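Please read the following briefing alongside the model, which is shown here first.

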Amino acid sequence: IFITYSQNEKFEAISHVAASLAHEVRNPLTAVKGFLQLIRYGSLEHGKMEQYIDISLMEIDRTETVLSEYLSISKPPGKQTGKTNLSQHVQVIMDVMSSYAIMSNVEIELEHKPVVPVWIIANGDEVKQVLMNFIKNAIEACVEIPHAKVSISLNLADRSVLLIIKDNGVGMSADQISRLGSIYYSTKSSGTGLGLTYSFQVIRAIGGSVAVQSEPRAGTRFTISLPLYDFEEEAPAASTG
Ligand code: ADP
Ligand code: MG
């Protein structure tokens, strides 16, 4: 099933964004404040303090994620100019997400990667954010699944590279698949529903496309196709005189 972008969703009024952002940030703040008060004034049982601090740190991490998702969505994809090494970004983001995977009890593996660097024309920071969104979703789809596994592979095709992100998580129904990328669409109690909206925008700006195969209770496979940087189109060094 190929996702098309014909929906052309307009962003909701700024007041909606502000309201949901306030909601997303206030909850963790309230939780952290409560824990700090308990630590400050409570007579804590042995071991409770560490537990409260750990939960607070997790809440703060989540707030950071939410803020960066809101920031990225408010900033439309920039002009794609320079070439950037996709295989390197995949490696970096897998490292970044490894602690999240361990905490979520999900194995994450790089199934295949070409030996040569994979160059695409894109903004590296945007590409990393996109990789992070897909990998994070895949991990979140696997929580509480036994033998949970997220596999990532990069494969060279004719003039494009196929980035495949596969999980054996909860999967999606056809109806859920059709809603992917809609702004604020989320099935998670603490989701923002912004990750894929942003990611699809960036992929479209790069000239790529996304295909998804999914089945409830079996898992999901996203195939992201991105045009390869064409070295032959590179202007030859100008010879003057
Ligand atoms: P969020 O992660 O905040 O919910 P996203 O835009 O990243 O928002 O994802 C939107 C929704 O798409 C998720 O809530 C989930 O229902 C669905 N989804 C995305 N990736 C997967 C996946 N790998 N497996 C199952 N469902 C997914
Ligand atoms: Mg997400």
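In H4, the residues Glu-126, Val-130, Asn-133, Phe-134, Lys-136 and Asn-137 meet Gly-195, Leu-196, Tyr-198, Ser-199, Val-202 and Ile-203 of H6, where contact requires C-beta atoms, placed from the backbone, within 7 Å and helices are DSSP runs of H or I with at least four residues, strands being E runs of at least two, numbered from the N terminus. By class, this contact of H4 with H6 has 6 nonpolar, 4 polar and 2 charged residues. This is a predicted model, in which local features need pLDDT of at least 70 and side-chain atom pairs pLDDT 80 or more, whereas totals for chains, interfaces and linings use all residues. Residues are numbered from 1 along each chain as its sequence is written, while chains are lettered from A and ligands numbered from 1 in the order in which they are written.

**Helix packing**
- The axes of H4 (residues 124-141) and H6 (residues 195-206) come within 9 Å and cross at roughly 135 degrees, the axes being lines fitted to C-alpha atoms over the stretch in contact, with angles from 0 to 180 degrees between N-to-C directions.

**Ligand 1**
- Around ligand 1 there are 22 residues, the closest being Asn-137, Ala-141, Ser-186, Gly-191 and Gly-195, counted when the C-beta atom, placed from the backbone, lies within 6 Å.
- H4 supplies the largest share of this shell, 4 residues.

**Strand pairing**
- S5 (residues 160-167) and S7 (residues 219-227) pair in the antiparallel sense over 8 bridges, pairing needing at least two DSSP bridges.
- S6 (residues 209-215) also pairs with S7 in the antiparallel sense, over 7 bridges.

Conventions: Two residues are in contact if their C-beta atoms, placed from the backbone, lie within 7 Å. Ala, Val, Leu, Ile, Met, Phe, Trp, Tyr, Cys and Pro count as nonpolar, Asp, Glu, Lys and Arg as charged, and the others, Gly among them, as polar.
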